[in-house]
Amino acid sequence: MRSIPVTVAALCYVVVVFGVLSFSSNAELDPSFYKNTCPNVSSIVREVVRNVSKKDPRMLASLIRLHFHDCFVLGCDASILLNNTDTPTKIESEQQAAPNDNSIRGLDVVNQIKTAVEKACPGVVSCADILTLAAEISSVLGGGPDWKVPLGRRDGVTASRTLANQNLPSPFSSLDKLKSAFAAQGLNTTDLVALSGAHTFGRARCTFVTSRLYNFSNSGKPDPTLDTTYLQQLRGQCPNGGSGNNLVNFELTSPDTIDNDYYSNLKVKKGLLQSDQELFSTSGADTISIVNTFANNQDAFFANFKASMIKMGNIGVKTGKDGEVRKQCNFINKKSAELDLASVVSKESSQEAMVSSF
Ligand code: HEM
């Protein structure tokens, strides 16, 4: 008689537990994932990033952006690192998608990290985890928050240039468009405002700014939500008809540091991109109060940045037996094998050539 309620209770438990597991995509990620297999992975990544950033402080910003551009396309699976290949499967690299082309940086740094990690723990650490760790380490080295990085992502075996063009938001987007690009990845409005705070450091090319300075929305006038002194300054850096590749700092006072100045700047109409200023200057928007909170309280910004970075790092992750751990971040393993084979064949044939020349 008693067994029926017990069975029902057990069933409910199973449903609840499995329900929770199946809804949380990061159920299998764990900060101690490499505890036994590659215990020093974080310090190895840190060493490389620290060394590179001594000579090139902008690299910290570039690495955080690389992780973002990876996660918004097929999830955080290092698809952004894959090069164009025709065999054994055709891959149209995301690196040539409009938001990445002539824009993303740090691919060589990731390869440097991967080489160092492979030396210590061959075949264990995925390129997707390297990108995620490099982003957190860049935050810390840039003066931002630290966090325990959930690990255990596997690398994808394909890339999508089409999705890179579709999913990555444009700097000319309205607030509604920005919100929907983030919502499509399971990120809410607070995530949008907190993650946009990454524009507290790094650079942008004039090509993304000039229309705001000279001909906003084809009005022949500058963007009215741009402070006039800042406008003059930017015009000096991005002359009308000048090179779109000139670089402008995202932030005036601390261009290589993570702090909450980004939000104070938005309050005085000194956001660099239209998409930045939209967060504060869209009338009646729910993002205004979040910008105010972060501008008034750096701790609140850091706490939210941390939480949103973890959330972004969990988008569409592959775990368990999904995907693979790439040997070389720019190629799926089947391609690496093909390339190894090709190099063995060419070595052998050059040896034959040497033999026959004697
Ligand atoms: C909200 C939508 C976003 C838009 C429209 C946007 C757009 C852009 C653009 C146009 C650039 C300049 C690229 C260039 O000049 O080649 C840039 C740079 C940058 N973005 Fe974003 N971004 C957004 C969100 C994010 C997020 C979520 C992050 C990271 C969490 C991020 C991190 C960065 C960083 C750090 C840079 C500077 C990179 C460097 O100096 O190499 N952005 N972004």
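Which residues does histidine 199 touch, not counting residues up to four places away in sequence? In this predicted model, the answer is Phe250, Tyr262, Leu272 and Asp276.

UniProt, in an unreviewed entry, places the feature "binding site" at His199. As for the chain, histidine 199 sits in the loop between helix H8, residues 189–196, and strand S1, residues 203–205. Is histidine 199 buried or exposed? There are 21 other C-beta atoms within 10 Å of histidine 199, and the cut-off for buried is 20 or more, so this residue is buried.

Next, the ligand. The shell around the ligand has 24 residues, and those that come nearest are Ser62, Ser103, Ala198, Gly202 and Arg205. Which elements supply at least two residues each of that shell? They are helix H3, residues 59–71, together with H8 and S1. H3 gives the largest share, five residues. By type, the shell around the ligand divides into eleven nonpolar, eight polar and five charged residues. By domain, at least three residues of the shell come from domain 1, which is 41–168 + 315–335, and at least three from domain 2, which is 175–309.

Now the core. The largest nonpolar core has 79 residues. Those with the most contacts inside this core are Val45, Leu63, Val110, Ile130, Leu131, Ala134 and Val291. Helix H5, residues 127–141, gives the most to this core, with nine residues. Where does the core lie relative to the two domains? Domain 1 and domain 2 both give residues to this core, so it lies between them.

Take leucine 63 from that list. Leaving aside neighbours within four places in sequence, leucine 63 is in contact with Val49, Gly106, Val109, Ala134, Ala135 and Ser138. One of those partners, Ala134, is also among the residues with the most contacts inside the core.

Threonine 257 is in the loop between strand S2, residues 247–249, and helix H11, residues 261–267. With 16 C-beta neighbours inside 10 Å, threonine 257 counts as partly exposed. What does threonine 257 touch, not counting residues up to four places away in sequence? Its contacts are Gly142, Gly143 and Phe201.

Key:
Residues numbered from 1 in each chain as written. Predicted model: local features only at pLDDT ≥ 70, side-chain atom pairs only at ≥ 80, totals over all residues. Core = buried A, V, L, I, M, F, W, Y, C linked by C-beta atoms within 7 Å. Buried ≥ 20, exposed ≤ 12 C-beta atoms within 10 Å, placed from the backbone. Helix = DSSP H or I, 4+ residues; strand = E, 2+ residues; numbered from the N terminus. Domains from an automatic or database assignment. Contact = placed C-beta atoms within 7 Å. UniProt positions renumbered as here; feature names shortened; annotations may be inferred. Near = placed C-beta within 6 Å. Nonpolar A, V, L, I, M, F, W, Y, C, P; charged D, E, K, R; others polar.
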